[in-house]
Amino acid sequence: MQISEYPEHEKKSPRRPLDILRHPTVRSALALAWVESKPGLTGGHEEGGFIVVDGEDKLSVQRWQAGEGNQIRVPEHLGCEADGLPVVATFHTHPNTGPDYLQEPGETDKRGVRDDAELKGSQYVGEFVVAHETVYLITPSGTVRELDGRSELLG
Ligand SMILES: [Zn+2]
């Protein structure tokens, strides 16, 4: 397993999105959120959360309350902080695995990140969208990148 704790001299701000995803704590939290969103053709719901960093440079995940269907409410994050800790990324799942369903982030997703003035912290890299095949990143400016396959990234 690749460990991506940052040695002091390599500290970067902001982190690279893939380094955040490969962090063992983040990786397992996102894998769990995916399972808990009950992926399938019907009956799934979105799960999501904040990925925050503490004073020791440790990453942790604060899950949001479960969403309903293809919606999820983002708790308050004034100044790009959650519980006093800087938010480095957000994430949510797209649990519907059906071929008719839009897997990649849609316009509402992109706008949600781009137009959120409180998601513009200096360490914030964007929102991961965990879908059946692929993990996407919505950057703070609202563009979408495909990062890699979900099973490759989250196991
Ligand atoms: Zn979405």
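I began with helix H2 and found Val-26, Ala-29, Leu-30, Ala-33 and Trp-34 buried (20 or more other C-beta atoms within 10 Å of a residue's own; exposed is 12 or fewer, partly exposed in between, with C-beta atoms placed from the backbone). Seen down the axis of H2, these buried residues fall within an arc of 140°, so they line one face of the helix; the arc is taken over directions from the helix axis to the C-beta atoms.

This is a predicted model, where local features need pLDDT of at least 70, side-chain atom pairs count only at pLDDT 80 or more, and totals for chains, interfaces and linings use all residues. Residues are numbered from 1 along each chain as its sequence is written. Helices (H or I, at least four residues) and strands (E, at least two) are DSSP runs, numbered from the N terminus.

Next I looked at what follows H2: Lys-38 comes just after the helix and has a positive phi of about 50°.

Then I turned to S4, where 9 of 10 residues are buried. I checked its neighbours, counting strands as paired if DSSP finds at least two bridges between them:

- S1 is antiparallel to S4 over 5 bridges, and Gly-48 stands opposite His-92.
- S3 (residues 81-82) is antiparallel to S4 with 2 bridges; Glu-81 has Pro-86 as its bridge partner.
- S5 is parallel to S4 over 5 bridges, with His-94 partnered by Ala-131.

Last, I followed the chain from S4 through helix H3 (residues 107-114) to S5, a right-handed β-α-β crossover (with the strands pointing away from the viewer, the path from the first strand over the helix to the second runs clockwise).
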